Amino acid sequence: MSYYFVIISPTDTPLFELTFGTSKAGGDGVARFRNGETARYMNQFIVHAALDVVEEVQWLSPNMWLKVIDNYAPTNSHISCFITGTNVRFMLLHQPSAITNASAGSRSSTISSTSVPQNPTSPQTEEAIRQFMTEVFELWVKTLMNPFYTIGKPIKSPVFRQRVVGAGRKWL
Amino acid sequence: MAGAPPGHTIPSYAASHAGSPSRHMSQYPSTTVTTTTTSSSALVSGTPAPTSTLSSTLRYPSTRKTIYDRNLNRSRNAELSRSSFAYLFMEMVSYAHRRVKGIQDFEKRLNEQGYPLGLKLLDLLLYRAGPGASSTSLTSSSSTSSSGGGAAHRPLRLLPLLTLLTTKLYPLLFSRPADSLEQSTTNPAEYMIIDNTPLTNQYISVPKEMNQLSVAAYIAGIIEGVCDGAGFECKASAHNTGTDVWPNRTVFLIRFEDHVLEREKELERQGVK
Amino acid sequence: MASGQKAARVGEEVWKTRVDKVNAELVTLTYGTVVAQLCTDYEYDYVQVNQQLDKMGYNIGMRLIEDFLAKSNIGRCGNFRDTAEMISKKVGFKIFLNITPTVTNWTADNKQFSLLFDENPLADFVELPDDGRAQDELWFSNIFCGILRGALEMVQMSIEARFVSDVLRGNDVTEMRVTLLRYTEDEMPPDDE
């Protein structure tokens, strides 16, 4: 699975972005998006489109964890969302690998089809993403509490980045 | 301070694609895609660089303790002396006094100092109200009991929001709930939170010529920040309504914007709680 | 040592029984707001921010000492060493911030010592701005220096207090150096600004 994670402010400004690949089941943590060189641009575009869906559901459910709220069939991308109290959206685009690559290939036959690295919509994957989001939310609140963090500004703390990377490795 | 922060390096999938113009999402800092050659392979994956400092210059103690290592609930029940707050707040107010013209300006400034705190405290409140608040970082128990949870509920309607203010925000700040919550009888957009003994007013004697001033404007700013942050745009102001029994009694008047009330009606109709 | 232990007991006793409390986070967050506001107002000229914090602390220290003497029921301290134990360490910081910094590193002439802060509620949630300057120029808790200066001035001790290291700057300890300049006898304290 390849992941694109972005934190988006209430005014739709990206505050933090991270691209990574699965670390589960021997994954090497490297993203391999099937849309190749255009991935970065496409992922941003797909996630932005999904914000419209978030707007539709956010006043109907009080949950912060909104699960998979959108998908984009051409690249088999799924978008999960966690929304904070202040309407900051944590968006995670997840896309299963198109082809099994050399590093994961030898193991793929032994991996269950519902496992996190393979199946973007299984309950296991959903739970793993929820855990990831919950952990990032905690990191987010810690960022907020810093008097020098100004609301709506990009998160520049290298420790924050390092911890989000860690959460991705731990759960995804 | 000024200029593009070099630390804001966005890991990209394809470094060769760095210059791609992005019309639809011009807010994305497409020009800050990493161009560092030294560790670009690590940055691209975003993974095997645990100490990836990017271009940050921040130093940490040898214990490596950072704010991200600190349990968010650690100071939840910690106490300091009330006078430490009183003296500090007094300095804050007199500093503000030197930089403002008139009472309105004064209150506006105090309100503006509280406002960002409100925006920040809302997520702290929700974090602490969440079921896994104290355990998320401590245990990896994959309890699936609350598949819809992971955190508390966001307030969608006015009543949960106002209750959050009086029973969650107030105890967080003042270790007690607010004294009462009332709806205006004349204007459905107006609500009042009443505090008989606001902490901000207890130690500050306002000069006679400023007797209209309420330094509780700081608290009003916090309240306004929480409401705005939650999507309930409003103006909140503090008003002295002292009585013989409660000389510092203060009413926080919250006036919600029209579209908030319209949404409220719509959600009512749809049965959203 | 005896005075240190006595001071600790007095501090604990007063803290438990005679001090009105407030939620620590309210103080922490309000202080953070003050410092962030100063940074904005002085356009991140950290030297000026340090000065402003010191000034605010000085005003606080002058008021605080009366409160402190009234609450702790102890007379004025004899020498600088006792003062260090009583006001700087156990009682003063204990009563107002519920912390007890360590008094150490005395000079031979007993005119200079250090306060080591194991904990500092003011800095609980703080990471300094990553601008390449804040960690070299800003003393986030500089208000403490002013508080000590103001408080001791009220008991006729003119001192200089300054931070020499801070965990927020990446140092392993947060240390304040306090130097006795002179006893001021019965001079009136200068007007604050």
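This passage describes a predicted model, with attention to the contact between chains B and C.

The model as a whole scores ipTM 0.87 and pTM 0.84. For chain C, the mean pLDDT is 85, and 88% of the residues reach at least 70. Within chain C, the lowest confidence falls in helix 1 of chain C (residues 2-17), with a mean of 70. The highest is found in helix 5 of chain C (residues 134-137), at 96. Where pLDDT is low, predicted coordinates should not be read in detail.

Turning to chain B, seven helices and five strands are assigned. Followed along the sequence, these elements of chain B give the pattern α-β-α-α-α-β-β-α-α-β-β-α. Of the 273 residues in chain B, 38% are buried. When contacts in chain B between residues at least 6 apart in sequence are considered, 57% link residues at least 24 apart.

The contact between the two chains draws on 33 residues from chain B and 41 residues from chain C. On the chain C side, at least two residues each come from strand 1 (21-23), helix 2 (24-41), helix 3 (46-72) and helix 4 (80-97) of chain C. Helix 2 of chain C provides the largest share of this side, with 11 residues. By residue class, the side of chain C that touches chain B comprises 19 nonpolar, 11 polar and 11 charged residues.

Is Thr40(C) buried or exposed? Thr40(C) counts as exposed because its C-beta neighbours inside 10 Å number 11, and the exposed class covers residues with 12 or fewer. Thr40(C) and Leu29(C) are 11 residues apart along the chain, and their C-alpha atoms are separated by 16 Å.

Methods: Residues numbered from 1 in each chain as written. Chains lettered and ligands numbered in written order. Predicted model: local features only at pLDDT ≥ 70, side-chain atom pairs only at ≥ 80, totals over all residues. Contact = placed C-beta atoms within 7 Å. Helix = DSSP H or I, 4+ residues; strand = E, 2+ residues; numbered from the N terminus. Nonpolar A, V, L, I, M, F, W, Y, C, P; charged D, E, K, R; others polar. Buried ≥ 20, exposed ≤ 12 C-beta atoms within 10 Å, placed from the backbone. pLDDT = per-residue confidence, 0-100.
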